[in-house]
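Open the model in your viewer and keep the selection tool at hand. The stops below go from ring pairs to a helix and then to a single side chain.

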Amino acid sequence: MTRISAVRCAFPPHRYPQSELTDMAARLCLPDNADRRLIDRLHRGARVEYRNLALPIDRYEKLDGFGAANDAFVSVAVELGLESVKAALDAAGLEPADVDLIMFTSVTGIAAPSVDARLAAALGLRPDVKRVPVFGLGCVAGAAGIARLHDYLRGWPDHVAVLLSVELCSLTLQRGDSSPANLVAGALFGDGAAAVVACGAERATAGPSVVATRSHLYPGSEHVMGWQVGDTGFRVMLDASVPDVVRRYLADDVHGLLAEHGITAGDVTAWVCHPGGPKVLEAVSEALELPVGALDVTWRSLAAHGNLSSSSVLHVLGETLAAGPRAPGTWGLVIAMGPGFCSELVLLRW
């Protein structure tokens, strides 16, 4: 089976408390002398205490359009990608030349050549490394990326594969847009990167095994989450119905996957859930009837860094692994949801 050998995260050095980010969002998004009560309430309710930004906070008012924001994305994404992949390979006891495939995912910027191509030489990857840049999966891409690495490594069990996620959500904030979706995004989303090193069954390594995966694309839900792409870049679509979709579909997906392997939710002791926001996490807990404390790592990730889109569930996985070894046979489940609207599940066993 595929093993998760290491997970490491990297964050830009510009870190701010939520109160400063609230003030920035008010300056960028609200008309002069506008009533701030809604934006203040949204930022307080996000349960976010700090976030890292791709740029110093005073740079955002000077960004002139989508081109400038995307240039910043490419530059910072390469820096954070190098840092997180190097750290993950070191933690796994591997060299860059050991990597057979690198998958790069982001939904907050675009680049051609892709970010993985731009950092390949600096990392020391082999010229024949397989590259898979992925755009459009959004928050679900961390879990989906692990699942797709697993698919690859089942066919190439002696290979090493790396998943790199870089999300710089602050660069997508729309100036002069006081819509509820933009204000919610400005209250919730942060910037960061995560790298996962996975090894096939014929590579001796520690870490939990990927037992199975499941994908589900929910019908008639394309409007729930995504981007409207225009002259100013990525304008967020974020429907208030997201928690309702979670309540409607998630339990059947989770219980169905677990039942295929003869276990129930009570057998899972490591819940690695994407921190989509307070209402989404409450919906997950209710739908799955999770015990108190089951999502504590996720709640802490949300408070410390905000929602990092695809990088978030990988940060939660990294924190779960960093908490120490688990007893052999322990079950874990990675859960993420994103544009489509869809879910990805990854069943783990230590």
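This is a predicted model. Start with the aromatic rings: the count comes to six aromatic pairs.

**Stop 1: Tyr-152 and Trp-156.** Select these two residues. Their rings form a stacked pair, with 6.5 Å from centre to centre and 25° between the planes. The pair counts as stacked because planes under 30 degrees apart fall in that class. Is Tyr-152 buried or exposed? Tyr-152 has 13% relative accessibility, so it counts as buried, the limit being under 20%. Trp-156, at 43%, is partly exposed.

Lys-130 lies over the face of the Trp-156 ring, 5.3 Å from the ring centre.

**Stop 2: Tyr-218 and Phe-341.** Select this pair next. The ring centres are 6.4 Å apart and the planes meet at 35°, so the pair is tilted. Now colour the chain by residue number and look at where each ring sits. Tyr-218 is in the loop between β8 (209-217) and β9 (225-230), while Phe-341 is in the loop between β12 (331-338) and β13 (342-349). The pair therefore ties together parts that are 123 residues apart in sequence. Both residues are buried.

Stop 3: Select Phe-66, Phe-135, Trp-227 and Phe-234, which ring pairs link into a cluster. Then go to Trp-350: Arg-326 lies over the face of this ring, at 5.4 Å from its centre.

**Stop 4: helix α9.** Select residues 296-305, which make up α9. Which residues of this helix are buried? They are Thr-298, Trp-299, Ser-301, Leu-302, Ala-303 and His-305. After α9 comes Gly-306, which has a positive phi near 75°.

**Stop 5: Glu-167.** Finish in strand β6 (residues 160-168), where Glu-167 lies. Glu-167 is buried but has no salt bridge. Where is the nearest side chain of opposite charge? It belongs to Arg-51, 13 Å away.

Look instead for polar neighbours. The side chain of Glu-167 has a polar contact of 3.2 Å with the side chain of Ser-106. A polar atom of the Glu-167 side chain also lies 3.0 Å from the backbone nitrogen of Val-107. Other residues that Glu-167 touches include Thr-108, Gly-138, Gly-190, Asp-191, Gly-192 and Leu-308.

How values were computed:
Residues numbered from 1 in each chain as written. Predicted model: local features only at pLDDT ≥ 70, side-chain atom pairs only at ≥ 80, totals over all residues. Heavy atoms only, no water. Helix = DSSP H or I, 4+ residues; strand = E, 2+ residues; numbered from the N terminus. Buried < 20%, exposed > 50% of the residue type's maximum accessible area, 1.4 Å probe, protein only. Lys, Arg positive; Asp, Glu negative; His and termini not counted. Salt bridge = Lys/Arg side-chain N within 4 Å of Asp/Glu carboxyl O. Polar contact = N/O pair within 3.5 Å; in protein donor to acceptor, adjacent residues only side chain to side chain. Contact = heavy atoms within 4.5 Å. Phe/Tyr/Trp six-rings, centres within 6.5 Å; stacked < 30°, edge-to-face > 60°. Lys NZ or Arg CZ within 6 Å of the ring centre and 35° of its normal. Lists of a residue's contacts leave out its neighbours within four places in sequence.
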